[in-house]
Amino acid sequence: MIDGNTRLTGIIGYPIEHTLSPAMQNAAFAEAGLNWIYVPFSVDPDHLAAAVNGAKALNFAGLNVTMPHKKEVIKYLDELSAPARIAGAVNTIQFDGDRLVGHNTDGQGFIDSLKHDAGFSPREKNALLIGAGGAARSVAVSLAMSGIRQLAVINRTADKALKLQESIKDNFPDCIVKVLSPDDEKIVSLQSESQLIVNTTSIGMLTNPGLPLGMERIGPSHLVYDVIYFPAETEFLREAKKRGAETLNGARMLLYQGATAWQIWTGRPAPIAEMAVALTDELELKGKVDGQSKPAARTNPDRI
Ligand code: NAP
């Protein structure tokens, strides 16, 4: 029940209609018996400052931040965590008294998903990263923080990949970072020497179908990850699976980034199992609404 003691959290984005976060965050508050609520807010970019300052004035406990505000919001914050600073993007704001602290839990979500769902540790491994946008930056920073040996970044727009290379090199001098254009012949040999291949581009979404990479050298020695979670199985994952690779989609990254945000706000361990069930239900609903087949088995929250 909402009353005078209810703590406020939410998510700001533009548009925000398709967010899956309220279902899992509110399920977590209910499970933990907390009188907290999580609400989605559509915030026009012109009103970002007013929205952040308004949330502060309204005594919010926390906010998630999604596209297109992840970069822009930084100028309204007092402090950044290391992953947020290096990635140059914030997806979680902690209202710590008068101070607004920006975090980036996307990368942590990705690493937690690798660990819990594939038993994969990035330490001393080689990774091929396709894309150099916001998701790529979070993933690259988290891989570098987790001790990856080599990152090969492939992106259509070279300039963005070079900027990502520079920030990783500046902050993680031991990490080898290579930049390649999508038609570089060296990609084939880099595929062979990588244990992890990650698509962070939007290629594979319903609105942007296709394959982000040639599949020639993908095989059973690879863990192939697509940060896209809708559709649950992109063409990239389907083709990788056919070639014997282990595959993961971005639903668990979404779950774990949300769990980390929840922990930052509440100071408690997040009820992951309940959040996973709520997220799976929401994905199923979204699948039905958008005319897709069910993206995941409702009965097994451990595997979305
Ligand atoms: P973004 O910043 O706009 O970056 C998009 C990336 O995709 C860029 O590297 C872009 O290349 C590339 N790209 C798009 N269309 C392309 C095309 N036709 N050919 C070649 N490259 C293309 O977007 P983002 O925020 O990183 O999001 C990317 C994806 O990650 C989305 O599907 C998003 O839903 C997903 N995501 C998932 C999670 C999760 O928790 N699972 C979290 C964040 C994002 P250029 O640089 O050349 O434009």
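Helix 4 (residues 106–118) packs against helix 9 (residues 251–266) at an angle of about 120 degrees, their axes 7 Å apart. Helix 4 is therefore oblique to helix 9 (under 35 degrees counts as roughly parallel, over 145 as roughly antiparallel, 65 to 115 as roughly perpendicular, the rest as oblique). Axes are lines fitted to C-alpha atoms over the stretch in contact, and angles run from 0 to 180 degrees between N-to-C directions.

This is a predicted model: local features need pLDDT of at least 70, side-chain atom pairs count only at pLDDT 80 or more, and totals for chains, interfaces and linings use all residues. Residues are numbered from 1 along each chain as its sequence is written, and side-chain values use heavy atoms, without hydrogens or water.

Helix 1 (residues 21–32) spans 17 Å from its first C-alpha to its last, close to the 16 Å expected at 1.5 Å a residue. S21, P22, M24, Q25, A28 and F29 in helix 1 are buried (under 20% relative accessible area with a 1.4 Å probe, protein chains only). Just after helix 1, G33 has a positive phi of about 70 degrees.

Helix 1 also meets helix 9. The contact (heavy atoms within 4.5 Å) joins S21, M24, Q25, A28, F29 and A32 of helix 1 to L254, L255, Q257, G258, W262, W265 and T266 of helix 9. By class, it has eight nonpolar, five polar and no charged residues.

| Helix pair | Axis separation | Angle |
|---|---|---|
| Helix 4 and helix 9 | 7 Å apart | about 120 degrees |
| Helix 1 and helix 9 | within 10 Å | roughly 45 degrees |

Key:
Helices (H or I, at least four residues) and strands (E, at least two) are DSSP runs, numbered from the N terminus. The expected span of a helix is 1.5 Å times one less than its number of residues. Buried means under 20% relative accessible area, exposed over 50%, partly exposed in between (1.4 Å probe, protein chains only). Ala, Val, Leu, Ile, Met, Phe, Trp, Tyr, Cys and Pro count as nonpolar, Asp, Glu, Lys and Arg as charged, and the others, Gly among them, as polar.
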